[in-house]
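Trainee: I have a new model open and would like to learn how to read it. Could you walk me through it feature by feature?

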Amino acid sequence: MAFRDRVKWGLAAAVWICGIALPAPSRQPPGSKEQAAPLPLEKTIAVAADAGWVDTAIDAGPGEEIRISASGEINLQKGNPDAVCGPDGLDLVTGDQPIPNVNIGALIGKLVQPVARRVDEDSGIEVRDEIFVLFPVGSGTVVTPPFKGRLYLGVNENVLKDNGGTYAVVVVKRPA
Ligand SMILES: [Ca+2]
């Protein structure tokens with residue numbers, strides 16, 4: 001258990017290091033004091049259709065605004081040309097997807113705030129208690145987080161392992 005935890009933290013640290021190492025666009029000349037407000041954070045994230053929830057490594061909370069736009073095409077059932085869709089999903093609502101009233105295959109988001117971690121005494125499995133909110137994204141949306149949390153992105157479908165393709169998603173976070 002302890003080793004697994006260390007590995008997880010190690011991966012998380014590596015992601016942050018990559019994020020810092022990326023060249024950041026400089027939009028103001030050195031020494032300029034006109035733009036004191038923090039620059040918006042912008043990130044491009046690949047959401048593979050078979051990946052489940054993808055951690056954007058973006059934390060946000062009240063007072064901030066998250067703009068999300070998406071493009072690309074996925075297949076909800078490899079080999080079936082009728083199951084190809086874009087970020088708005090297929091024009092089909094089955095009621096058996098993470099957000100029941102949103103098109104199957106659409107890009108969706110989840111804001112997660114961890115509450116506690118505990119180990120189940122019987123199974124030995126680590127259980128994470130969390131509060132979260134799901135919201136539709138589609139090809140684009142603007143979200144004002146109701147609480148502080150981590151942003152995840154995924155596909156509005158429950159059977160993911162037969163999926164193919166990837167959505168390209170751009171997330172911009174700035175003060176609301
Ligand atoms: Ca599927």
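Trainee: Where does Ala57 sit?

Mentor: Ala57 lies in strand 2, residues 54-60. Helices (H or I, at least four residues) and strands (E, at least two) are DSSP runs, numbered from the N terminus. Residues themselves are numbered from 1 along each chain as its sequence is written. Please keep in mind that this is a predicted model: local features need pLDDT of at least 70, side-chain atom pairs count only at pLDDT 80 or more, and totals for chains, interfaces and linings use all residues.

Trainee: What is the phi of Ala57?

Mentor: It is near 60°, a positive value in a residue other than glycine.

Trainee: How do I read burial, and is Ala57 buried, exposed or partly exposed?

Mentor: Count neighbours: a residue is buried if 20 or more other C-beta atoms lie within 10 Å of its own, exposed if 12 or fewer, and partly exposed in between, with C-beta atoms placed from the backbone. Ala57 is partly exposed because it has 16 C-beta neighbours inside 10 Å. Ile58 is in strand 2 too, and Ile58 counts as buried because its count is 20. Over the protein, buried residues make up 22% of the 176 residues.

Trainee: Which residues does Ile58 touch, leaving out those up to four places away in sequence?

Mentor: Contact here means that the C-beta atoms of two residues, placed from the backbone, lie within 7 Å. By that test Ile58 touches Leu41, Lys43, Leu151, Val171 and Lys173. Take Lys43: it is 15 residues from Ile58 along the chain, and their C-alpha atoms are separated by 8.8 Å. Among contacts in the protein with a separation of 6 or more, 73% join residues 24 or more positions apart.

Trainee: How many helices and strands are there in the protein?

Mentor: One helix and nine strands. From the N terminus on, they run α-β-β-β-β-β-β-β-β-β.

Trainee: What should I know about strand pairing, and how do strand 1 and strand 9 pair?

Mentor: Two strands pair if DSSP finds at least two bridges between them. Strand 1 (residues 41-48) is antiparallel to strand 9, over eight bridges, and Lys43 stands opposite Val171 of strand 9. Strand 3 also pairs with strand 9 in the antiparallel sense, over twelve bridges; there Ala70 has Val169 as its bridge partner.

Trainee: Is Ala46 buried or exposed?

Mentor: Ala46, in strand 1, is exposed because 12 other C-beta atoms lie within 10 Å. Its contacts beyond four places in sequence are Thr166 and Ala168. Ala70 is 24 residues from Ala46 along the chain, with 9.6 Å between their C-alpha atoms.

Trainee: In what order do the four strands of the open sheet come?

Mentor: The order is 2-8-5-6, with antiparallel pairing. Strand 2 and strand 6 (126-136) are the edge strands, each pairing on one side only. From one strand to the next, the twist averages 35°; for such angles, axes are lines fitted to C-alpha atoms, for helices over the stretch in contact, and angles run from 0 to 180 degrees between N-to-C directions.

Trainee: How many bridges join strand 5 to strand 6?

Mentor: Eleven, and the two strands run antiparallel. Ile108 is partnered with Pro136, and Arg118 with Val127. The two strands form a hairpin with six residues between them, and Gly124 in the turn has a positive phi of about 75°.

Trainee: Which residues have the most contacts inside the largest nonpolar core?

Mentor: A nonpolar core is a set of buried Ala, Val, Leu, Ile, Met, Phe, Trp, Tyr and Cys residues joined through C-beta atoms within 7 Å. The largest one has 25 residues, and Leu107 and Val169 have the most contacts inside it. Two or more residues each come from strand 2, strand 3 (64-75), strand 5 (107-119), strand 8 (149-155) and strand 9 (164-175). Residues that Leu107 touches beyond four places in sequence include Val47, Ala70, Leu153 and Val169.

Trainee: Where does pLDDT stay under 50?

Mentor: pLDDT is the predictor's confidence in each residue, from 0 to 100. It stays under 50 over residues 1-26, for which the model has two contacts beyond four places in sequence. The protein averages a pLDDT of 85, and 78% of the residues score at least 70.
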